[in-house]
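The sequence and structure are shown first.

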Amino acid sequence: MGGGFAMTQQMMESNLLTPGHLACAGCGAALAMRYALEALGPDTIIAMPAGCWSSFIGIYPYTCLSVPTISVAFATAAATASGIKAGLDIQGKGETTVLAWAGDGGTFDIGFQALSSVAERNDDIIYVCYDNEGYMNTGIQRSSATPQGTWTTTTPSLALKSQPKKNIVEILGAHNIPFAATATIGYPQDFISKLKKAKTIRGTRFIHVFASCPTGWRHDPQLSIEVARLAVTSRAFPLYEIIEGETWVLSSMPDKTTVDKYLDIQGRFKTMSLKSRGEFQRQVDRQWAKLKKKCGINS
Amino acid sequence: MPCTINNMAWNRTGSWRFLTPILQDKISPCRDACPAGIDISGFISEVGCKDYERAWQIIVEENPFPSVCGRVCGHPCEGACNRKEFDDPLVIHALERFVGDHGLAHELKVQIAKAHGSETIAVVGSGPAGLSCAYHLRRLGYTVEVFERSPLPGGMLGWGIPDYRLPPTVLGMEIERLRDMGIKIETNVSLDSHFLTDGLREFRAIFLALGAQKDLHLGIPGEDLKGVLSGLDFLRGVKGGNPPALGKRVILVGGGNTAIDVARTALRLGSAPTLIYRRTRTEMPAVPSEIEEALKEGVRIEFLTSPVVITRLTGQQLQLECVRNRLGELGPDGRRTPLPMGGSNFLIVADTIVVAIGEGIDSDPLIQSLKETEAGIKVDEWGGTQIPGVFAGGDLTAESRTVPHAIGSGKKVAIAIDAFVRGLDRNQAQSVSLGSQGSFSMSSWINPPSETHRSDQVVTYEDLNTSYFEHRPREKVPQLSEMGRRIGSFGEVNLGFGEKAAIEEAERCFHCGTCNLCQKCALFCPDASIYLNIKTKAIEVDLEHCKGCGICAYECPGHVIIMENIP
Amino acid sequence: MKKLMMGTEAAAIAAKLARVQVIAAYPITPQTTIVEELANMVSAEELEARFLTVESEHSAMASCIGASATGARVFTATSSHGLAFMHEMLHYAAGGRYPIVMVNANRALGPPWNVYCDHTDSLAQRDTGWLQYYCADAQDVLDSILIGYRVAEQALLPVMINMDAFYLTHTTEIVDIPEQKDVDEFLPPYRPDCKLDVDNPVTFGNVCGSDLYMSIKFQRHRDTFLASSLWAKMAEDFHSRFQRAHPPVEMYRTNDAEIVITSIGTCAGVVRVAVDRLRDNGLPVGGLRLSLVRPFPELGIAGIAPRVRHVIVIDRDVSSGAEGIIAQEMKANLWGKGRDILVHGFIAGIGGRDITPDMVIEIVSQSTRGQGKAVSVGNSQWVEVLP
């Protein structure tokens, strides 16, 4: 295998996200939602906890989304989605997709408990975590999704984040839900096809989507897609699926490149020492080796 | 329950930006390098969409002879193709041939643009320059009469290029199309210098495209001995059905296309040709693929060798004394000067020696009164001679004597004649110039594009975003590969792309500088503020909402979108 | 049909009669029986509902909100720490105008750990915007849930039905279970105009500017304020059908009382016994039970107890550092009514300490004499505090 990821041309057909929203220029999370709605269509209801999205969706009484959405408390994405699904189901509208749409804060940290509970019960929702690797909305503070060595306002240059990124997909996989996967705005067709696949499955489906953040990661807004691509090609953010908690499938097999270019174009990694960079690369290599093994690939 | 009543479109986030995305087609390096100014990215895009008729229309906007050029053009476009930095350049000439042959097979017709006037223009010479000019003038609505001295039209294309490169039927059909358009081509017509004055009473303007059909001389002793032939005469003889007897050992002097054509022709006539060339392979002016084929077929080439003296050895045999060269400093034409190395002389025996070192213009009575330069007839930048209304172009005037240059020259003069007839300032024509090879865009002359859509910038490899392309080698053009069969006849050697290969190759095109509606911009906009307008079939920016993040510009594979500071 | 049952069972039956559609609840002593009974009913298909066994009370309320937003009738139950845990979501439910009915078993908050009766848990939530009703007995539990849904769905406000831990959750009483068809007539299905609906996609609860926020809060406050008369109206309708009254305020022998003893919950029953004994001794005493605490009902004290000079409030709760919450609320309600009334606040029964008729009589005595065994701190007098 080799040669990277082949893209085919496709036009975005749905217009369920309308312009005029308040996201930063170049926002990866906004893009992620466009792709999600493209995949899921208008028969979708969104439970959206506090985070970047609920801040920029629009000012009451206006909204940029053309699907029913409820802006809920921070920790409650999964629980609310589960309730919505139950309410629809009992009223005979069980076919409508219920989408929990939370950031990394609302998924990895404050919303983790509810998410684990919903996954354990295998409630019939799709949960998408748009990951910008920090509490961006409140001012770029660290979350457990922030990678090791990253600058944030609560892990300043002299005390960069010391812990590695929590592997949320692996954790969700361990709940034996029917479908868990990573995706990225850098490869929208892959994200869209994973969501379309998820839509055909019953039970808890979880997708962890990489969403570049020019504001928090300190990169030029025009590079939002490039950063996402580099994350995949350098294997800092591999693309894979876990089916039924036991079958691991790699979505792409990028040629081996180092993390250098990925780190270099983002200001949040600027103060990493050489030693930290080396450690970052080692982590990436280690995780990649483990992932390949789980996917049954020897080399 | 507090719920919303409307969307956020009223919020004009366009006020946030300080850079605005501007869509502007730019010049692809292939088009820049094409002397005929073909919209290469455009026609390849249509091949990719399987709309071969539209692809054909795009080519014939600029070049009337796609099937010919696809076979004989030296394709400088491929040397400039940005994809060469990624893996292999596109096989553009094979794609042009594919489209041209489709046009022939389906007898596609050319559209005449809206008639500008009913004047008649005279074209002297039916080579590529003359016919190109006639073609473009006819498209502009003029009545055109072409006068050809020899029995068949086509000029160099007809008698100067061997059948295995350009089958006569193909050329014939492409010329027939011009006749179908209403262009009158009269053969066996000789004109003298009175034509330049008398003719202007009958015709509104005259275009002289006599070509350069005289072989240059070596200028060495023995050149006029029997058995020493001129390359062009040789090819003419072969085409006319009267190939001269060559014998086995044939020496060719020269390094251009004619020399290679003669060599491969000689091979097919049963000889064993050796070509001597004064510099190395790198400096040979012949099309590189032609050199490659010649070597494959068995032509021997002696590089860094110059002829010194020809003498008669026996009744039938000649002897050529040669000297070895080394390359010195760069000369005025940008090539290193060959310097003979004293004491390296040696002798070769030959049955025939053919000299093909270049062409010059004939001393034709028609052009006696016109001033000359080293390149040919003296003309201004628009092809105008010292006589108002009399224009000249093609090999007759040019330093670059190739088929695409001739076609481009004919087109340029057609524009100049159109401006002349309509009393326009010819500098208006400058607005439709393209690239760095002095070519012009006829489609722009007929339908001037809006100012904002034009850019003269040529797109470089660094400008592109190649993330969307997989590495893939170029498609192989099928050939007659069995050497025995190949050199046993004058059948066409290159067989051209089949449909599948053409589409696969077309998909490799980066479309540098051309928006081909790939819609990566629309795909990656977080604000849904750039999209395809279905009605206008063009990409549109919602300036009220675009925040100027620049993702569209960065992701555009062809560098069509750039971010500008617009007040 | 009359049956012997605990208050928790009555609550479960009420939920079933109300045809609730989604239940999301987390068990906590002493509410557990409610959850277990409902699980049984759903599994036996006696009740057609979706039962979410959530992992916490915070998620329970979140799931209820989600379900309610789709237009389903939802039910949950909790107590004490569970209620405290869902505090954030209580604000959300009321702010979002979701007509959720929740049963809360009034239980003490730790530390120290104590599972017995105490009203601090729900009273500490009085600012959240939930309507709060305090039950007198098991029948009251069943009936008030039904009335609660009616009020909630008309006012579009959530309702908290409070029942004393162990006194009501774990004691058995005779309860009259109404017929399903009669309940259906009293309580039609929930059909909101505004809900999460793909045929009319809107966004609920997004960021709001201060001007609109203030207006939205004003509307809610006004609607909450008016819910007291709405409750009275619905209770009257209930009374006309089922011959049982559940007014916002219950008076006992107050029309000529000079002393009125105010309480909420089961304590009011003890107060009635004490009132009767004091009356036998010639003291003009009456009892006042507040069923509705939020909104605080307009008492019309001049009408119900024209001669009252002393209002004694027995609080089974405290706002630490201030005084008993009901005492505070009473004072606020009596202020400026042009009457010369003394309010005596007593704290008793905290953490499940039994309140007895003797204790009540002691309290009355201390109020009138001005001294007694209750310990004073500021305005509150604490009964039976260990030395």
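## Helices packed on the sheet of chain C

In this predicted model, helix 10 (residues 267-280) of chain C lies across strand 10, strand 11 (259-263), strand 12 (285-290) and strand 14 of chain C. The direction of helix 10 of chain C is at about 170° to that of strand 12 of chain C. Helix 13 of chain C also packs on the sheet, where it touches strand 11, strand 12, strand 14, strand 15 and strand 17 (380-382) of chain C. Its direction makes about 135° with that of strand 14 of chain C.

## Architecture of the sheet

The sheet of chain C is open and consists of 7 strands in the order 10-12-11-14-15-17-16, with mixed pairing.

## Contact between helix 10 and helix 13

Two packed helices are described by the angle between their axes and the distance between the axes. For helix 10 and helix 13 (residues 357-369) of chain C, the axes come within 8 Å and cross at roughly 60°. The two helices of chain C, helix 10 and helix 13, are therefore oblique to each other. The crossing of helix 10 of chain C past helix 13 of chain C is right-handed.

From helix 10 of chain C, the residues C:Val270, C:Val271, C:Val273, C:Ala274, C:Arg277 and C:Leu278 take part in this contact. They meet C:Pro357, C:Val360, C:Ile361 and C:Val364 of helix 13 of chain C. By class, this contact between helix 10 and helix 13 of chain C comprises 9 nonpolar residues, no polar residues and 1 charged residue.

## Interface of chain C with chain A

Chain C contributes 38 residues that are in contact with 39 residues of chain A. On the chain C side, the elements giving two or more residues are strand 2 (22-24), strand 3 (50-52), helix 3 (57-69), helix 5 (87-95) and strand 9 (203-204) of chain C. Helix 3 of chain C supplies the largest share of this side, 9 residues. The residues on this side of chain C divide into 21 nonpolar, 13 polar and 4 charged.

Strand pairing also links these chains: strand 3 (residues 69-72) of chain A and strand 9 of chain C pair in the parallel sense over 2 bridges. C:Phe204, in strand 9 of chain C, is the bridge partner of A:Ile70.

## Interface of chain A with chain B

The contact between these chains takes 34 residues from chain A and 35 residues from chain B. On the chain A side, helix 1 (28-40), strand 2 (62-63) and helix 9 (224-233) of chain A are the elements that give two or more residues. Helix 9 of chain A gives the most to this side, with 4 residues. The class counts for the side of chain A that touches chain B are 19 nonpolar, 12 polar and 3 charged residues.

Here, strand 2 of chain A and strand 1 (residues 6-7) of chain B pair in the parallel sense over 2 bridges. A:Tyr62 stands opposite B:Asn6, which belongs to strand 1 of chain B.

Definitions and conventions
Residues numbered from 1 in each chain as written. Chains lettered and ligands numbered in written order. Predicted model: local features only at pLDDT ≥ 70, side-chain atom pairs only at ≥ 80, totals over all residues. Contact = placed C-beta atoms within 7 Å. Nonpolar A, V, L, I, M, F, W, Y, C, P; charged D, E, K, R; others polar. Pairing = 2+ DSSP bridges. Axes fitted to C-alpha atoms, helices over the stretch in contact; angles between N-to-C directions. Parallel < 35°, antiparallel > 145°, perpendicular 65-115°, else oblique. Left-handed = near helix turned anticlockwise from the far one by under 90°.
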